[in-house]
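Biologist: Could you walk me through how to read salt bridges in a model like this one? I would like the general idea, then the case at hand.

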Amino acid sequence: MNASRYELLKPLGKGHHGQTDLARFTHGNGPQLRVVKQIYRPQEPLQTLTQRLRSVTQHPQVPTLLDSWQTDNGQFFAFEHVTAPAIPQAEPPPWSPSQVVAWLLSLLSLLEHLHSFRLVHGDIRPANIRQGPRPILVDFRITQRIDRQALAMTGGDAAYAAPEQALGSLIYASDLYSLGLVAVHLLTGLAPFDLYSVADNRWIWPDLLVAPLPKTLGRVLDKLLERSLEKRYARAEEVIADLKRSPTEALLNRAKSLLPTKGAIPNPLNVVRPAPPKELAPAANLVAWQPLYQLTPGITTALALQATTLAMGTSTGQVLVCDLATATDIHPLTGRGHRDRIVALAFHPQRPILYSASGDGTVKLWDLNQGKLLHTLTQSGWQPTDLTIAFPYLIVSDSTGLITVWTVDPLNIHHRFNQHQDGVNGIAAKGERLASVGRDRTLRIWSLAAKGLLNTLPIQSSQGIALHPGGYYAIVGDDQGGVNVWPLGQPDKPTPFCATSDSVTALALSPDARLLAVGTDGNALRIYDGSGQCVSTLAQGWGVLALAFDGHTLVSGSQDETVTIWQRKMP
């Protein structure tokens with residue numbers, strides 16, 4: 001391959017050591033638009049650098065290397081052109097703490113990969129992070145390798161550059177500093193120079209937050225933004241470990257000490273019987289809960305519960321099924337699995353079938369009797385965000401704002417709703433009524449029978465939604481910690497139900513509508529009765545990601561990679 005196959009369209013950047021151009025590939029198959037990076041004075045053979053870059057760009061969160069060649073003018077490398085928008089345009093800040101944590105974990109994993117090749121990015125800023133199903137990091141400097149000492153390099157956006165970059169030094173910790181500064185920008189919506197007081201010689205961003213951060217996230221950001229290299233994180237894996245660590249670390253460490261030794265349980269998960277929960281606050285008419293098991297399947301992003309069968313979906317795309325009667329009969333479902341985060345799970349109400357939706361753009365049907373894949377649903381441009389069953393309908397929402405309604409038996413598209421102006425964060429359905437909350441900050445009520453929109457209501461940015469079994473009202477939990485009830489008959493104004501100090505991440509209503517479980521990005525799981533009074537507050541691994549609740553058994557999955565199964569103690 002050589003330059004004759006490319007038509008240069010426009011320059012994207014130029015430096016002392018090379019330049020970057022947008023080009024059109026004019027011969028053969030493959031992506032037409034490509035980003036071509038030129039190195040003026042190569043320091044190593046083309047084949048050596050090409051092989052390394054092919055290994056680096058196998059990661060799904062960096063542009064893929066498509067072509068390379070060399071001429072008298074230097075070495076050239078053609079990369080995939082990423083058309084996804086930069087994060088501030090895709091989802092303007094401020095973001096909730098739970099969003100920022102998930103985003104940080106995703107990019108830290110990428111930096112861990114990049115740094116393992118002794119490569120540093122050197123220019124992490126919002127414009128170089130694109131918003132796909134997972135954040136994509138573009139424009140990394142393909143020749144900036146660290147061997148035994150820091151790179152003698154400058155450059156990068158001065159607003160997001162680490163202090164040592166201004167002095168001509170670039171190390172792994174420089175990327176971590178820049179990433180931390182982008183995270184604070186996403187939390188506040190403010191530019192870096194507005195987050196630091198020169199007069200006071202300190203960061204002032206904590207004073208500018210609308211609501212206080214969970215302590216763990218605050219400590220991690222403080223350490224990422226340390227100006228002193230001795231105090232700052234040195235490696236991405238250190239940050240990941242701290243982000244996943246619960247504030248109730250002592251309790252978790254005790255639980256981990258009880259894990260069986262390798263080989264003690266013939267399944268991929270560790271199961272422990274944790275210590276009784278600590279009640280964080282007294283409540284009248286207390287409803288007591290007993291922890292039955294604690295599982296460690298990794299970060300669990302979706303849960304579904306049917307009788308004694310628990311289904312779990314992880315951030316890596318694995319789907320596991322557990323028999324709660326023993327909690328030792330745990331197995332992954334087999335077949336061509338998901339390649340990205342599981343966003344929702346649901347059981348067929350009459351047949352042994354499990355539905356799973358994933359950020360990889362698919363919904364899969366699993367045979368629970370055989371433990372294997374039955375069928376895969378796809379649509380062009382699909383990025384599912386939630387899934388629910390309102391028999392005889394299967395309903396799937398996606399990141400473009402589309403809601404697709406399928407008939408379950410047989411599996412056919414029944415209708416599509418497309419009135420949301422942005423991605424749908426969550427859906428809930430009962431009978432003929434469907435409710436959805438979107439990134440466009442609306443709650444929308446739909447009629448499945450009439451195939452139409454009934455009402456659109458303005459709300460705060462919200463993730464959690466639940467629907468009364470009779471379809472009488474919708475319950476919405478927002479990023480400011482509020483939970484509101486919207487009567488569906490006369491939904492002009494919501495009724496405040498309860499409030500927490502942390503962003504609401506998940507809601508689960510008991511089938512009899514007497515109890516509501518509220519998960520947040522803090523370290524407490526709270527249960528409320530019908531009057532809005534908190535009747536139980538349970539110590540919880542930090543950052544609830546998913547809940548499942550049948551009134552007697554409550555299951556929670558959190559950022560610390562644990563799934564806890566609680567059982568209600570009857571008086």
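Modeller: Gladly! A salt bridge here is a side-chain nitrogen of Lys or Arg within 4 Å of a carboxyl oxygen of Asp or Glu. The general idea is that side chains of opposite charge can pair when their charged atoms come close. Do keep in mind that this is a predicted model.

Biologist: How many salt bridges does a search of the whole structure find?

Modeller: The search gives 11. Let's start with Lys-37, which pairs with Asp-139; their closest N and O atoms lie 2.8 Å apart.

Biologist: Is Lys-37 buried or exposed? And why does Asp-139 count as partly exposed?

Modeller: Lys-37 is buried, because its relative accessibility is 12% and the cut-off for buried is under 20%. Asp-139 counts as partly exposed because its value is 32%, which falls between that cut-off and the 50% above which a residue is exposed.

Biologist: Which residue forms a salt bridge with Arg-52?

Modeller: That is Glu-44, with the closest N and O atoms 2.5 Å apart. Arg-52 is buried at 11% relative accessibility, whereas Glu-44, at 24%, is partly exposed.

Biologist: And what about Asp-440 and Arg-444?

Modeller: They form a salt bridge too, and their closest N and O atoms are 3.4 Å apart. Asp-440 is buried, with a relative accessible area of 18%, and Arg-444 is buried at 8%.

Conventions
Residues numbered from 1 in each chain as written. Predicted model: local features only at pLDDT ≥ 70, side-chain atom pairs only at ≥ 80, totals over all residues. Heavy atoms only, no water. Buried < 20%, exposed > 50% of the residue type's maximum accessible area, 1.4 Å probe, protein only.
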